[in-house]
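Please keep the sequence and the structure at hand while reading.

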Amino acid sequence: MGNDFYTAEQVAELLGLHVRTVRNYIQDGRLPAVRIGKQYRITPEGLKALTGGEAPADTIKIDVTSIVDVAHIDPPAASRLATFLSASAMGRSPGARRLKIDTAYDEASSALKVVAIGGPEDVAEVLRLVATFVEGSR
């Protein structure tokens with residue numbers, strides 16, 4: 001393999017970034033990389049694409065942010081729904097686009113707020129999961 005590939009740590013050092021930032025770029029699809037074992041490998045072309053070289057035509061990505069308010073939900077049900085959504089986001093394949101889900105429960109209004117950020121299909125699936133959970137709780 002020689003010097004044909006960079007590690008995430010090498011890219012972080014070259015660009016003056018934290019290694020976690022480089023890994024986030026990889027997970028977001030901004031930095032093309034392959035996973036070999038437990039490490040990512042980045043080609044010089046991939047590094048060039050990140051730093052301003054020619055980007056492939058298929059790099060246009062759409063991200064969606066959705067905020068869902070689930071009203072009149074008791075704390076145990078809100079906890080189950082939050083855990084269920086977090087587990088579904090974490091159980092995705094390693095190459096899948098990043099999906100971020102945050103939840104917050106307001107006891108005063110008995111409402112759960114769910115924020116989902118990701119690709120359109122992924123966020124739509126989160127909305128379907130919330131609807132299914134709520135329908136099943138009635």
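## Helix crossing

A crossing is left-handed if the near helix is turned anticlockwise from the far one by less than a right angle, and right-handed if clockwise. In this predicted model, the crossing of α1 and α2 is right-handed. Two packed helices are described by the angle between their axes and the distance between the axes. Helix α1 covers residues 8–15 and helix α2 covers residues 19–28; their axes come within 8 Å and cross at roughly 115°. Angles of 65 to 115 degrees count as roughly perpendicular, and α1 and α2 are therefore roughly perpendicular to each other.

On the α1 side, the residues in contact are Ala8, Glu9, Val11 and Ala12, and they meet Val19, Val22 and Arg23 of α2. Sorted by class, this contact has five nonpolar residues, two charged residues and no polar ones.

## The three-stranded sheet

Strands β1, β3 and β2 form an open sheet in the order β1-β3-β2, with antiparallel pairing. At the edges are β1 (6–7) and β2 (34–36), each of which pairs on one side only.

Between β1 and strand β3 (residues 39–42) there are two bridges, in the antiparallel sense. Here tyrosine 6 stands opposite isoleucine 42 in β3.

Strand β6 (residues 111–118) pairs in the antiparallel sense with strand β4 (residues 64–70) over seven bridges. In this pairing, isoleucine 67 stands opposite valine 115 in β6.

Strand β5 (residues 100–106) also pairs with β6 in the antiparallel sense, over seven bridges. Lysine 100 stands opposite isoleucine 117 in β6. The hairpin of β5 and β6 has four residues between the strands, and serine 110 takes a positive phi near 50° in this hairpin.

## Serine 66

Serine 66 lies in strand β4. Is serine 66 buried or exposed? A residue counts as buried under 20% relative accessible area, and serine 66, at 14% relative accessibility, is therefore buried.

Which residues are in contact with serine 66, leaving aside its neighbours within four places in sequence? They are Val114, Val115, Ala116, Val123 and Leu127. Valine 115 is also the residue of β6 that stands opposite isoleucine 67. Proline 120 is 54 residues from serine 66 in sequence, and the two are 9.8 Å apart in space, C-alpha to C-alpha.

Note on methods:
Residues numbered from 1 in each chain as written. Predicted model: local features only at pLDDT ≥ 70, side-chain atom pairs only at ≥ 80, totals over all residues. Heavy atoms only, no water. Axes fitted to C-alpha atoms, helices over the stretch in contact; angles between N-to-C directions. Parallel < 35°, antiparallel > 145°, perpendicular 65-115°, else oblique. Contact = heavy atoms within 4.5 Å. Nonpolar A, V, L, I, M, F, W, Y, C, P; charged D, E, K, R; others polar. Pairing = 2+ DSSP bridges. Buried < 20%, exposed > 50% of the residue type's maximum accessible area, 1.4 Å probe, protein only.
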